[in-house]
Amino acid sequence: MPNTQLQNDLILAWVKLSGIIKNNRITSKLKYNEATIMLAVYSRYLKDGVGLTSVQDIIKETGMLKSLVNRTLGELEKQGLIVFEQGTADRRTKFVKLVKEKINVFLSVHNSSLGVSQNIIDIIGEQDAATFINIVQKLEESKYKAQPKN
C-alpha cells in the first residue's frame, strides 16, 4: 500500500526545490539554457581538451528539447562561444566546439555557479550533497518522466 504521507512530502519537497532553483539564479551574463549547454560542452572539453560535442549528445545530457537546444546554440554561436562543425563520417551529424578564446566568458559564470554549489554544500554537508547527486543520477538513469503509472 502506498505511503500517501511520504508521497505528499515528496511532492512538497519537489515544489520547494523548484522554487529554490527558480529564485536563486546560478547564472549571470549567460541565460540559464546557454549556461546549461555550455556546461555540457565544457565538461567534454575537460575530458578531451577539444570540447567537440554532438548536438544529439547535448540534447541527451541536458534533457532539453531539440528545438530549444538548436535555438540556444544559435545564440551561443552569435556570441562567439561555440562554432559548428559537421561530422566527417556522417555529414548529417552536427557537432559543437568550444571556442577556447572565449572560454573565460563561460568560466566567469561557471565560477559563480561553483560558489553557489559550495554554499549549498556548506549548508547540507558533503555526505548529503553526494546523496543528492546519487538520487538525481538514479532518476536520470531510469529515464524518469513525471507521469503517474496507470
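**View A. Glu-85 is partly exposed, with a relative accessible area of 31%.** Partly exposed here lies between buried, which is under 20% relative accessible area, and exposed, which is over 50% (1.4 Å probe, protein chains only). The model is predicted, so local features need pLDDT of at least 70 and side-chain atom pairs count only at pLDDT 80 or more, while totals for chains, interfaces and linings use all residues. Residues are numbered from 1 along each chain as its sequence is written, and side-chain values use heavy atoms, with hydrogens and water left out. Glu-85 forms a salt bridge with Lys-97, and their closest N and O atoms are 3.9 Å apart. Glu-85 belongs to strand 2 (residues 82-86) and Lys-97 to strand 3 (residues 94-98), so the pair ties together parts that are 12 residues apart in sequence. Lys-97 is also partly exposed, with a relative accessible area of 26%. A salt bridge is a side-chain nitrogen of Lys or Arg within 4 Å of a carboxyl oxygen of Asp or Glu. Helices (H or I, at least four residues) and strands (E, at least two) are DSSP runs, numbered from the N terminus.

**View B. Arg-44 and Asp-57 form a salt bridge.** The closest N and O atoms of this pair are 3.6 Å apart. The bridge links distant parts of the chain, with Arg-44 in helix 2 (residues 32-48) and Asp-57 in helix 3 (residues 55-62), 13 residues apart. Arg-44 counts as partly exposed at 27% relative accessibility, and Asp-57 counts as partly exposed at 28%. Side chains of opposite charge can pair when their charged atoms come close.

**View C. The side chains of Lys-78 and Glu-75 meet in a salt bridge.** The N to O distance is 3.5 Å. Both residues are in helix 4 (residues 66-78), and because they are 3 residues apart, about one helical turn separates them. Lys-78 is exposed, with a relative accessible area of 68%, whereas Glu-75 counts as partly exposed at 28%. The structure holds 3 salt bridges.

**View D. The largest nonpolar core has 21 residues.** A nonpolar core is a set of buried Ala, Val, Leu, Ile, Met, Phe, Trp, Tyr and Cys residues joined through side-chain atoms within 4.5 Å. Ile-37, Met-38, Val-69 and Leu-73 have the most contacts inside this core. At least two core residues come from each of helix 2, helix 3, helix 4, strand 3 and helix 5 (103-124). Helix 2 gives the most, with 5 residues. In soluble globular proteins, nonpolar side chains tend to be buried together.

**View E. The surroundings of Met-38 include Leu-30 and Phe-106.** With neighbours within four places in sequence left aside, Met-38 is in contact with Leu-30, Leu-76, Leu-81, Ile-82, Leu-98 and Phe-106. Contact means heavy atoms within 4.5 Å.

**View F. The protein chain has 6 helices and 3 strands.** From the N terminus on, its elements run α-α-β-α-α-β-β-α-α. The C-alpha atoms fill a box of roughly 55 × 40 × 25 Å, taken along the principal axes. Of the 150 residues of the chain, 22% count as buried. Among contacts with a separation of 6 or more, 55% are between residues 24 or more positions apart.
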